[in-house]
Amino acid sequence: RRLHLLGVARGTAELLATLGREMPYAIVEKVSDLPPRELVAQLARSCALGLIIEEGEGQARTLRFRHGLVRDAIYERLPAGRREELHRRIAAAAEASFGGWLAERPDLFAFHFARSGQWLKALELATRAGEQAASKSCHFEACVHLYNGLDLLERHIPSGPEHDRWELSIRRLLCPSLNASDGWAAETVQENNARLGALGRAGETQKPLAELWALFAHACLRHD
């Protein structure tokens, strides 16, 4: 019911919902097409209705939805065209103004590039997010991001040399994180190793020592 009370502030609420459940004000200001004074007034309207909460002060403040379900309701009601337009605007602002944010949160912006149909950029960021998580020994999280990259690849990049290069790169990155999160004898490890072997044969590339060791260790642990 409160959504109907937003009036002209509804467009800003839709932008916030597209950005996510929590976002820095600096990003909202860059992505919004409103003058700063009008944006602040519309955000105040959303706060007064209890939809969002502002934390902190000035440019450093953060906005978040009071309830995640409210954010989800606003986002899910967006027409497909409006949703894609907002994701595209966020992605464009990220490239133009948020180089630091792209480097710090590739997982977040991979979502916006994917939802705006920019598949290769989304794939690049999902892969970078996997690398970033693995470098911090967050191996389960790394697997989530890298499998997301493989899903984007299978859905949107046509079969061919470029597809195979991406898959080979992602699956090589996946190896150590799968071993750490699932265990050397897991079926997921076997499947990934088998696919790496097939890609290597197809491209006639020599397997790196780490891949050969992974295949050997998996076979030993399963008594194959």
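Predicted model: local features only at pLDDT ≥ 70, side-chain atom pairs only at ≥ 80, totals over all residues.

**Notebook: burial, helices and contacts**

Residues are numbered from 1 along each chain as its sequence is written, and side-chain values use heavy atoms, with hydrogens and water left out.

I listed 12 helices and three strands in the chain (DSSP runs numbered from the N terminus: helices are H or I, at least four residues, and strands are E, at least two). I then looked at contacts (heavy atoms within 4.5 Å). Among those between residues at least 6 apart in sequence, 61% join residues at least 24 apart.

**Entry: Ser-177**

I found Ser-177 in helix α10, residues 161–182. Is Ser-177 buried or exposed? Ser-177 is buried, because its relative accessible area is 0%. I set aside neighbours within four places in sequence; Ser-177 then contacts Ala-134, His-139, Ala-142 and Cys-143.

**Entry: α9 against α10**

Two packed helices are described by the angle between their axes and the distance between the axes. I looked up both for α10 and helix α9 (residues 139–156): the axes come within 9 Å and cross at roughly 155° (axes are lines fitted to C-alpha atoms, for helices over the stretch in contact, and angles run from 0 to 180 degrees between N-to-C directions). So α9 is roughly antiparallel to α10 (the term covers angles over 145 degrees).

Which residues meet? From α9 they include His-139, Ala-142 and Cys-143, and from α10 they include Leu-173, Leu-174 and Ser-177. I noted that the residues of this α9 contact with α10 divide into 14 nonpolar, five polar and three charged (Ala, Val, Leu, Ile, Met, Phe, Trp, Tyr, Cys and Pro count as nonpolar, Asp, Glu, Lys and Arg as charged, and the others, Gly among them, as polar).

**Entry: His-112**

I moved to helix α7, residues 106–115, which holds His-112. His-112 is buried, since its relative accessible area is 1%. Among the other buried residues of α7 are Phe-109, Ala-110 and Phe-113. Not counting residues up to four places away in sequence, His-112 touches Thr-18, Leu-19, His-87 and Ile-90. Just after α7, I saw that Gly-117 takes a positive phi of about 80°.

Definitions and conventions. Buried < 20%, exposed > 50% of the residue type's maximum accessible area, 1.4 Å probe, protein only. Parallel < 35°, antiparallel > 145°, perpendicular 65-115°, else oblique.
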